[in-house]
Amino acid sequence: MKNILGISCFYHDSAAAITSGGTIVAAAQEERFTRRKHDAGFPTNAIRYCLEEAGLTLNDLDAIVFYDKPLLKFERLLETYFAFAPKGLLSFLKAMPVWLHEKLFLKKQIYDGLTDVGPYDKRKIKLLFSEHHLSHAASAFYASPYRNAAILTIDGVGEWSTASIGIGKENKISIIKELHFPHSVGLLYSAFTYFLGFRVNSGEYKLMGLAPYGHPHAPQTIGFTETIKGKLVAIKEDGSIWLDQDYFNYATGLRMVRHDKWADLFGFPPRTEGSAIEQHHCNLALAIQKVTEEIVLKMANEARKITGEQNLVMAGGVALNCVANGRLLREKIFDNIYIQPAAGDAGGALGAALAVNFMYFDEERSTDGIHDLMAGAYLGPEYSEKEISAMNRKASSVYTHFTNFNELTSFIAGRLASGDVVGWFQGRMEFGPRALGNRSILADARDPDMQKKLNLKIKYREGFRPFAPSVLAEDTTRYFDLAPASPYMLFVAPVTNNHRKELPVNYNELTYADRLYCTRSDIPSVTHLDFSARIQTVHKETNSRYWDLINAFKQQTGYSLLINTSFNVRGEPIVCTPLDAYTCFMSTDMDILVIGDYVYLKTEQPDWQNIDKWKREFTID
Amino acid sequence: MDSIKDIWLFIINRKKYWLAPVIAVLLLLGILIIFGGSSAIAPFIYTLF
């Protein structure tokens, strides 16, 4: 039984994961501990936590594995600069000191970082490096319930690869086909994220959320789509793409796109961060979303064709595009689809550890064909009653301690039904970008004003952003046209017709701001403009406490779903500790906080109206 | 030294021999930059460029 530590860091979303005998023991992102969103530093805290959870020291590990190969990445960098020279000199001069000072000597950086974690004998450490897309592929395939599957990984860029198709059989993975830098679906999507005034590497979700505000049949949207496909990207039948580098600047420059050329192409300048969103922005977001979906579908078709497999597993940042994932499901290219919930670079740490366990050490793999290895993605730290009590003393909080959990769920369900917003903190923290009911903010999806309230008064974020529902798995089809389970909130599906409401006759002529607050269904706060919803199915066997709460809500209201959004404010990493949760609760208009069996009512807390006292500074993302 | 050895092995493994002089010059410059941060070598760097 091999104990392996996987690490991802130095780019964005640092993380660590430990596997023991092919089982995932623990996984966590560094940002949750340092409270710096997308923290790229060495994941000292995450490693410390993973070791503690596994009951191991560094010397007990059979291998430590880094999630990509720095020298291969350096080769790509130099070859790219060489190919584009003399363009890119400024970028070269900025990049080289970092590489020559740190990244080229990654082994030393890792050894130095491990020193901060704890004592170790360097001679006992086996330090390995896995290729970036192999780490993604392994995170999807080995964590999946399938014995055999086609593997599709798509992201911005790893070393050279930006997308890959592979096949997984038992404990082996073979990569069959790769798409190489600078031609990248992830970077194409990020270029539009940038042009529309959102931040690269974090604003892609916002672009995806903005797309449904676009008019699908408007001549402008159709024109944008034609321009993208005619000028920026050539899409081949096998899903590979070719990006015209005359329009992009990321390969050698300090920006994603050539501003002047894009302004000429689309007829408006790049949107600046925080400025008003207009209809043409929404139309462009919709156009690139549709083009991305077309590429992903073609890649999936190719994966099916060359592997002949019936199961598909996916990872890489683009696999977090749940709208594209929803289309993949509906197109039925594969019988089953599994997507790694930590599909971004944080999941690379986990994938690297799994790859070493099964491919390097050739350990046997067993799966029951039904359950995945992610255990609901609840792989992070949890806090004992003693630690919650210590927080209560430190914060001088006022609480009610429930000894009967049914009474707690019944009380909270009643408060949710009457319009309260609840911070829900239970058990182990989620691994990956989604809060799945252990570090979540919950509210009633039937309330038509809840989207506005949550966005503006709780999360302090853009009003257009949609919210997702958590629904009891057994009741999913009552509300949504979604057959398979979606425990990780990675599939978008339509709200069923019987829940929809009739729209005004002039709906399509309304501005996006007017359409935003049009009541579209009897669960309006989780129904996006195009009647879609990003669904989390809640299963009793993976999260019984969350299931119990939604079930209690169902008993009282007849509706077995709630709004679930991550427990944080804009720019803040999802809360990790009880104190993080209490601080976030006190700094917003949240009404109730639940930590384990403790319930905190806002109006009972000392100095509760003084929100500013609790507000923390976070860089807006 | 471990890292230099790794880089050399990488170049041989990938058969990217043209990278060897490029990396050598970059490493040399890197050393100058590191020293240049706080020593009298700094002006020397400017004449190099």
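1. Contact here means heavy atoms within 4.5 Å. The structure is a predicted model. Between its chains A and B, the contact draws on 15 residues from chain A and 16 residues from chain B.

2. On the extent of that interface: the size of an interface is often given as the accessible area lost when the parts come together. Chain A and chain B bury about 1,400 Å² between them, and carbon and sulfur atoms account for 77% of this area. On the chain A side, A:L71, A:E75 and A:L100 supply 34% of the area that chain A buries against chain B, more than any other three residues.

3. Within chain A, helix α9 (residues 219-232) packs with helix α10 (residues 259-266) at an angle of about 135°. The two axes are 10 Å apart. Angles over 145 degrees count as roughly antiparallel and those from 65 to 115 as roughly perpendicular, so α9(A) and α10(A) are oblique to each other.

4. The residues that form this helix pair can be listed by side. From α9(A) come A:F224, A:T227, A:I228, A:K231 and A:L232; their partners in α10(A) are A:W262, A:L265 and A:F266. By class, the residues of the contact of α9(A) with α10(A) comprise 6 nonpolar, 1 polar and 1 charged.

5. A:V257 sits in the loop between β10 (241-243) and α10 of chain A. Its relative accessibility is 1%; buried means under 20%, so A:V257 counts as buried. Leaving aside neighbours within four places in sequence, A:V257 is in contact with A:A191, A:Y194, A:F195, A:Y247, A:F248, A:N249 and A:W262. One of these, A:W262, also belongs to the α10(A) side of the helix contact. Another, A:A191, is 66 residues away from A:V257 along the chain, yet the C-alpha atoms of A:V257 and A:A191 are separated by 6.2 Å.

6. Not counting residues up to four places away in sequence, A:N438 touches A:Y378, A:W424, A:F425, A:Q426, A:G427, A:R428, A:E430 and A:N543.

7. Which polar contact joins the side chain of A:N438 to another side chain? The partner is A:N543, at 3.0 Å. The side chain of A:N438 also reaches the backbone oxygen of A:R428, at 2.8 Å.

Conventions. Residues numbered from 1 in each chain as written. Chains lettered and ligands numbered in written order. Predicted model: local features only at pLDDT ≥ 70, side-chain atom pairs only at ≥ 80, totals over all residues. Heavy atoms only, no water. Axes fitted to C-alpha atoms, helices over the stretch in contact; angles between N-to-C directions. Helix = DSSP H or I, 4+ residues; strand = E, 2+ residues; numbered from the N terminus. Parallel < 35°, antiparallel > 145°, perpendicular 65-115°, else oblique. Nonpolar A, V, L, I, M, F, W, Y, C, P; charged D, E, K, R; others polar. Polar contact = N/O pair within 3.5 Å; in protein donor to acceptor, adjacent residues only side chain to side chain. Buried area = accessible area lost by both parts, 1.4 Å probe. Buried < 20%, exposed > 50% of the residue type's maximum accessible area, 1.4 Å probe, protein only.
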